[in-house]
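Please read the following briefing alongside the sequence and the coordinates. Topics are taken up one after another, with cut-offs stated where a term first matters.

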Amino acid sequence: QQTAPKPKVFHLGMFEIGRPLGKGKFGRVYLARERSSGFVCALKVLHKNELKHGNAETQVRREIEIQSNLRHPNILRLFGHFHDSKRIFLILEFAGKGELYKHLRRENRFPEWKAAQYVSQMAAALKYCHKKHIIHRDIKPENILLGIHGEIKLSDFGWSVHAPSNRRSTLCGTLDYLPPEMLKPGRDKNIYSNKVDLWSLGVLTYEFLVGEAPFEDTPVMTQRKIARGEMTVPSFVSAEARDLIKRLLVLDPEKRISLDQVQEHPWIIKYCVKGERATMRESKSTGS
Ligand SMILES: Cc1cc(Cn2cc(-c3c(Cl)cnc4nc(-c5cn(C)nc5C)[nH]c34)cn2)no1
């Protein structure tokens, strides 16, 4: 007696819609429950005419194509999608602790142990993406959610592309996270690699620890500071954290440290790898 295969075709009537969870440029996200299974998810509702006006249809198509094929504990799942005459619906994993940037604004800045754990999980998520030749290209606190156990859930693959890429993109929103190679005009300078995510990880690490982005200024000044790699790290940031930031915010993409080196960096090891004693205790108790 075979169990019925899960339907790949979804429609709105299959869901009970709950409270709004947030809003974005082209729509809103609602808490939702799939009626037959009781499965709780987040339903992102995007309006077709707004996407058309915003030239964002390609972004949504890419978000669906890329995110639905990713399976990683630190990447928000996209389970499926459907549409009606006016709207596109994305069935997303519900992240129990919500948007990371709201936590960052509320706490102003994160303690080093918390920032290091987030950076380590981001490195794991990016390693997984890069192994599949996917560049996220829009790493920033607004695109990161937190799962029920406080774990990182990288989301919003609307700007992601398959590496290498020479896509010209009409970037909107903050310039703070843009690497120098994406700022340069001119044809050949637009060939960039997955190293762009390493630069953004450096900006993210800085913002976790300081509470503001390293090149934050007027748009013109921000671009100038990025192009020159001009930034100062406040004295309250530890020497190890400062060292990691400096090794990620390197103008030459090829000279930025790798994601493997991020995960082996002393600042990450200090806060993320269980101490020797803890590991010894664990092995004694489990006899492993
Ligand atoms: C359109 C649009 C809006 C947004 C930003 N956004 C993402 C969410 C969201 C998603 Cl996609 C998944 N799980 C979520 N869980 C929350 C949440 C949990 N708590 C306790 N509080 C909140 C809020 N939000 C989630 C909401 N808005 N991107 O595109």
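Which residues form one aromatic cluster? Phe-10, Phe-15, Phe-82 and Phe-89 do, where rings of Phe, Tyr and Trp (its six-membered ring) pair if their centres lie within 6.5 Å. This is a predicted model, in which local features need pLDDT of at least 70 and side-chain atom pairs count only at pLDDT 80 or more, while totals for chains, interfaces and linings use all residues. Residues are numbered from 1 along each chain as its sequence is written, and side-chain values use heavy atoms, with hydrogens and water left out.

**Aromatic pairs**
- The count comes to 9 aromatic pairs, with planes under 30 degrees apart counted as stacked, over 60 as edge-to-face and the rest as tilted.
- Trp-199 and Phe-215 are stacked, because their ring centres are 5.6 Å apart and their planes stand at 10 degrees.
- Trp-267 and Tyr-271 form an edge-to-face pair, 6.4 Å centre to centre with 80 degrees between the planes; Trp-267 is buried at a relative accessible area of 0%, whereas Tyr-271 is partly exposed at 26%.

**Charge over a ring**
- The charged end of Arg-109 sits over the ring of Phe-236, 3.8 Å from its centre (the rule asks for NZ of Lys or CZ of Arg within 6 Å of the ring centre and within 35 degrees of the ring normal).

Technical notes: Buried < 20%, exposed > 50% of the residue type's maximum accessible area, 1.4 Å probe, protein only.
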